[in-house]
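Keep the viewer open as you read.

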Amino acid sequence: MLLKEANTRLTQSELAHLGTGEVGYIRKMRSDEVSRCFPEAPDIDPNLDLWALFGADGTPILLTDNRSSTFFKAAEDDLKTVSLH
């Protein structure tokens, strides 16, 4: 019930920006997904494990092959991190 009430009080724009500048999410990416989120990235070996850090609003921040780097970057930007499954 509480969630329903919150949705009726937030505009779509407000909901889209919830957590911006405060929360970031980390997720594993496949090489075929990279160009969609990181268009400036070079071609990447499809066997490479990649990790990405995004802002709460979906803004791409970092792409790396080292998961720990995403946490360091988030801490540097004062972002609380969450993982998506």
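Strands β1 and β2 pair in the antiparallel sense over six bridges; two strands are taken to pair if DSSP finds at least two bridges between them. Within this pairing, I26 of the chain stands opposite L53 in β2. The names follow DSSP runs, numbered from the N terminus: helices are H or I runs of at least four residues, and strands are E runs of at least two. Strand β1 is mostly covered, with five of its seven residues buried. Here buried means under 20% relative accessible area, exposed means over 50%, and partly exposed lies in between, with a 1.4 Å probe and protein chains only.

Before going further, please keep in mind that this is a predicted model, in which local features need pLDDT of at least 70 and side-chain atom pairs count only at pLDDT 80 or more, while totals for chains, interfaces and linings use all residues. Residues are numbered from 1 along each chain as its sequence is written, and side-chain values use heavy atoms, with hydrogens and water left out.

F54 has P60 as its bridge partner in β3. The hairpin of β2 and β3 has four residues between the strands, and in it G58 takes a positive phi near 95°.

Now for the rings. How many aromatic pairs does a search of the whole structure find? The search finds two. Rings of Phe, Tyr and Trp (its six-membered ring) pair if their centres lie within 6.5 Å; planes under 30 degrees apart count as stacked, over 60 as edge-to-face and the rest as tilted.

Taken together, Y25, F38 and F54 form one aromatic cluster.

R67 lies over the face of W51, at 5.1 Å from the ring centre; a charge sits over a ring if NZ of Lys or CZ of Arg is within 6 Å of the ring centre and within 35 degrees of the ring normal.

Back in strand β1 we find R27. Is R27 buried or exposed? R27 is buried, with a relative accessible area of 19%. Its side chain is joined to that of E33 by a polar contact of 3.5 Å. A polar contact is a pair of N or O atoms within 3.5 Å; within protein, one must be able to donate a hydrogen and the other to accept it, and residues adjacent in sequence count only if both atoms are side-chain atoms.

T64 belongs to strand β3 and is buried, with a relative accessible area of 12%. A polar atom of the T64 side chain lies 3.1 Å from the backbone nitrogen of N66. Leaving aside neighbours within four places in sequence, T64 is in contact (heavy atoms within 4.5 Å) with D49, L50, W51, S69 and T70. N66 also features at the start of α4, where one of its side-chain oxygens reaches to within 2.9 Å of the backbone nitrogen of S68.

Beyond that helix, D78 lies in the loop between α4 (67-76) and β4 (80-83). D78 has a positive phi of about 55° although it is not a glycine, and it counts as exposed at 64% relative accessibility.

Finally, step back to the whole chain. There are four helices and four strands, running α-α-β-α-β-β-α-β from the N terminus on. Of the 85 residues, 24% count as buried. Among contacts between residues at least 6 apart in sequence, 43% join residues at least 24 apart.
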